[in-house]
Amino acid sequence: MQNYKVFTKEMKKDYTIIAPTMLPIHFGIIKEVLRQYGYKLDFYEGTTEQMLKEGLKSVHNDLCYPAIIVIGQLMAALKSGEFDPDKTALMITQTGGGCRASNYIHLLRKALKKSGYEQVPVISVNASGLERHPGFKLTPALLGKCLIAMWYGDLIMWVSNQCKPYELNKGDTQKVSDHWVSYLADISSTPKFLQIKRQYKAILRDFEAIPKHHVEKIKVGIVGEIYVKYSPLGNNHLEDFLIREGAEVVMAGVGDFMMYCLSNREIDARLYGRCGIGVLTCKLGYHYLHHAQRKMIKCIKRFSHFKAPTDFEKVKKLASDFMGLGVKMGEGWLLTAEMLELVESGVQNVICTQPFGCLPNHIVGKGMMRKIKEIYPESNIVAIDYDPSSAKVNQENRIKLMLANGMQNIHLKNA
Ligand code: SF4
């Protein structure tokens, strides 16, 4: 017997589903993929301050920062008057892991009850069978399309970051990115790799064609908890700020996070002697994703001058030299691995985004910085805290100091 409001098949016909925002490019494509399957997905945009204000009214302020902002965004959407609460459902992910990301849904339902929106169903998107909603089914076909959308999103984000700081005409990169997001929304139902390869090639060609300045810019890597790392709402538009300050952003795609989650099942199986169909499925899923990543890397190297991402197996290996791969709360070993990968690949300046209340990522983020600096003294890593009371200007001043150190290191190297 469920103790939550279920999203039924009947609701699917005329309900709008609101989801939190995070990766603008990826979610733009996924929104249209879901529309093809009859789901009216929508997002509610607004300012960080607005979402925080609403979030703090709805959940306790000792919760981790992403929980406050995500719940705040969904509550603000309902209260905005733009959506009919009797014809609206909310959507949120449940990771099924040990940290709070599995429990946002319960906090959200509590907040809905408190504000008199008990009739609003909350759809859980999870791969662990935590909740079932007959009106929303993540079928293999839909999942496949979402995964392809994710790779397209990763590629566009990756090359767009290598174009934006150098574009001759401001806004050119955004135009190419927007064009591809709306074009790819119409992904064919059974995409073959040749088709995807053709699209990759066309994407790379369009981004290469953007007229650019040939100047050297300071490269800054962004790592951290997945929400504050990617969400402009969560990190106070960090990417835009870095570009304004004359930097090139380097940020691994969400495909790495998916591979991290899947390989953890295999690592757990090895550590604790588990086996079964779930482990086998994750193993196959991992190999499928890793194969897809290698294909994408090959395309970037073959058809463009852009720098390609690092093979995930290498990223994993970097972490295993530093810590046990059983460390998997939050971003676990992946966070440390991403810092190491950046430094090893020549991106010495790294911002580690740390949300308030996130113990797991403080351990594998801030907690590993000293060790990394001991081994790579040339690295210039700074942890930036994101919490409801931290002023944007303080965050930006710390980043400016890190950039100044980075510039000094470049001058010393070139002297
Ligand atoms: S990883 Fe950290 S910020 Fe994210 S849900 Fe878990 S505790 Fe919260």
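# Core, domains and ligand shell

Biologist: Which residues touch the most other members of the largest nonpolar core?
Modeller: Leu242 and Trp333 do, in a core of 135 residues. Keep in mind that this is a predicted model.

Biologist: Which helix gives the largest share of this core?
Modeller: Helix 6, residues 140-163. It supplies 14 residues.

Biologist: And where does the core lie relative to domain 1 and domain 2?
Modeller: Between them, because both domain 1 (9-137) and domain 2 (217-252 + 312-415) give residues to it.

Biologist: What does Trp333 touch, leaving out residues up to four places away in sequence?
Modeller: Its contacts include Tyr260, Phe312, Met323, Leu325 and Val364. Lys316 and Asn264 are also among them.

Biologist: Back to the domains. How many residues of each are in contact?
Modeller: 23 residues of domain 1 are in contact with 20 residues of domain 2. The C-alpha centres of the two domains lie 28 Å apart.

Biologist: What about the ligand? Which residues are around it?
Modeller: Cys64, Pro66, Cys99, Arg100, Ala101, Tyr104, Glu225, Gly330, Pro355, Cys358 and Asn361.

Biologist: How many of the shell are nonpolar, polar and charged?
Modeller: 7 are nonpolar, 2 are polar and 2 are charged.

Biologist: Which domains does the shell draw on?
Modeller: Domain 1 and domain 2, with at least three residues from each.

Biologist: New topic. Where is Val249, and is it buried or exposed?
Modeller: Val249 sits in strand 6, residues 247-250. Val249 is buried, because its relative accessible area is 2% and the cut-off for buried is under 20%.

Biologist: Which residues does Val249 touch?
Modeller: Asn161, Val220, Ile222, Glu239 and Leu242, not counting residues up to four places away in sequence.

Biologist: How far apart are Val249 and His287?
Modeller: They are 38 residues apart in sequence. In space they are 28 Å apart, C-alpha to C-alpha.

Biologist: Now helix 7. What span should its 13 residues have?
Modeller: At 1.5 Å a residue, they should span 18 Å. The end C-alpha atoms are 18 Å apart, so the two agree.

Biologist: Which residues in helix 7 are buried?
Modeller: Asp172, Thr173, Val176, Ser177, Trp180, Val181 and Leu184.

Biologist: And in helix 3?
Modeller: There, Thr48, Met51, Leu52, Glu54, Gly55 and Ser58 are buried.

Biologist: What covers those buried residues of helix 3?
Modeller: The cover includes helix 4 (65-79) and helix 5 (104-114).

Conventions: Residues numbered from 1 in each chain as written. Predicted model: local features only at pLDDT ≥ 70, side-chain atom pairs only at ≥ 80, totals over all residues. Heavy atoms only, no water. Buried < 20%, exposed > 50% of the residue type's maximum accessible area, 1.4 Å probe, protein only. Helix = DSSP H or I, 4+ residues; strand = E, 2+ residues; numbered from the N terminus. Contact = heavy atoms within 4.5 Å. Expected span 1.5 Å × (residues − 1). Near = heavy atom within 4 Å. Nonpolar A, V, L, I, M, F, W, Y, C, P; charged D, E, K, R; others polar. Domains from an automatic or database assignment. Core = buried A, V, L, I, M, F, W, Y, C linked by side-chain atoms within 4.5 Å.
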